[in-house]
Amino acid sequence: METTDNKTVVASEGKNIAIISYITIIGLIIAFVMNNDKKDAFASYHIKQSLGLACTGLALGAIGMIPILGWIINILGIFVLLYMWIMGLINAFNGKESPVPFLGEKFIEWFKNI
């Protein structure tokens, strides 16, 4: 990150990697590989957030296999997951290291070694 006029500006490449990480599971893998060499802190932050969202989506899919109650939880969870994904993507576009709502802090804690 570069500092100019008391504002923090995120490097363009790190921002691009962060945005790519939110575009499907394949984008997450591509972003992880792209960031593996340079280890940009901003990109790593958003890769962790995106990985957490992907794991949450997989968990919702597993819950969705349970008849009736699982279906209801799955439908509601998908809307919450979509909101979290949009917020994460907006934060990446704006160059902010802000956690996604609800579980963002936990994602950083759980994936601190990545």
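This is a dialogue about reading a predicted model, feature by feature.

Biologist: How many helices and strands does the protein have, and in what order do the elements run?

Modeller: The model is predicted. Its secondary structure comes to five helices and two strands. From the N terminus on, the order is β-β-α-α-α-α-α.

Biologist: What does the C-alpha trace span along its principal axes?

Modeller: The span is about 55 × 25 × 20 Å. Of the 114 residues, 37% are buried, where buried means under 20% relative accessible area. The protein exposes about 7200 Å², and carbon and sulfur atoms supply 68% of that area.

Biologist: What share of the contacts between residues at least 6 apart in sequence join residues at least 24 apart?

Modeller: That share is 62%.

Biologist: How should I read a pair of packed helices?

Modeller: Two packed helices are described by the angle between their axes and the distance between the axes. Take helix α3, residues 41-63, and α4: their axes come within 9 Å and cross at roughly 170 degrees. That makes α3 roughly antiparallel to α4, because angles over 145 degrees count as roughly antiparallel.

Biologist: Which residues of α3 and α4 meet?

Modeller: On the α3 side they are Phe42, His46, Leu53, Thr56, Gly57, Leu60 and Ile63. The α4 side includes Gly70, Ile73, Gly77, Leu81, Trp85 and Gly88.

Biologist: At what angle do the axes of α1 and α2 cross, and within what distance do they come?

Modeller: The axes of α1 and α2 come within 7 Å and cross at roughly 150 degrees. That makes α1 roughly antiparallel to α2. From α1, the contact is made by Glu13, Ile17, Ile20 and Ser21. Among the α2 residues in the contact are Thr24, Leu28, Met34 and Lys38.

Biologist: How many salt bridges does the count come to?

Modeller: The count is two, with a salt bridge taken as a side-chain nitrogen of Lys or Arg within 4 Å of a carboxyl oxygen of Asp or Glu. One of them joins Lys38 and Glu13, whose closest N and O atoms are 3.1 Å apart. Lys38 lies in helix α2, residues 24-38, and Glu13 in helix α1, residues 12-21, so the pair ties together parts that are 25 residues apart in sequence.

Biologist: Where do Lys106 and Glu109 lie?

Modeller: Lys106 and Glu109 both lie in helix α5, residues 104-110, three residues apart, which is about one turn of the helix. Their side chains meet in a salt bridge with an N to O distance of 3.9 Å. Lys106 counts as partly exposed at 39% relative accessibility, and Glu109 is also partly exposed, at 45%.

Biologist: Which residues make the nonpolar surface patch?

Modeller: Ile23, Leu82, Trp85, Ile86 and Ile90 make a nonpolar surface patch of about 400 Å². A residue needs over 30% relative accessible area to be part of a patch. Ile86 has 36% and is partly exposed. Its place is in helix α4, residues 69-94.

Biologist: How far apart are Ile26 and Gly57, in sequence and in space?

Modeller: Sequence separation and distance in space are read as two numbers. Ile26 and Gly57 are 31 residues apart in sequence and 14 Å apart in space, C-alpha to C-alpha. Ile26 is in helix α2 and counts as exposed at 58% relative accessibility.

Definitions and conventions: Residues are numbered from 1 along each chain as its sequence is written. This is a predicted model: local features need pLDDT of at least 70, side-chain atom pairs count only at pLDDT 80 or more; totals for chains, interfaces and linings use all residues. Side-chain values use heavy atoms; hydrogens and water are left out. Patches are made of residues with over 30% relative accessible area and no salt bridge: like charges are joined within 9 Å, nonpolar side chains (Val, Leu, Ile, Met, Phe, Trp, Tyr) within 5 Å. Accessible areas come from the Shrake-Rupley method with a 1.4 Å probe; for residues, only the protein chains shown count as cover. Helices (H or I, at least four residues) and strands (E, at least two) are DSSP runs, numbered from the N terminus. Buried means under 20% relative accessible area, exposed over 50%, partly exposed in between (1.4 Å probe, protein chains only). Axes are lines fitted to C-alpha atoms, for helices over the stretch in contact, and angles run from 0 to 180 degrees between N-to-C directions. Angles under 35 degrees count as roughly parallel, over 145 as roughly antiparallel, 65 to 115 as roughly perpendicular and the rest as oblique. Contact means heavy atoms within 4.5 Å.
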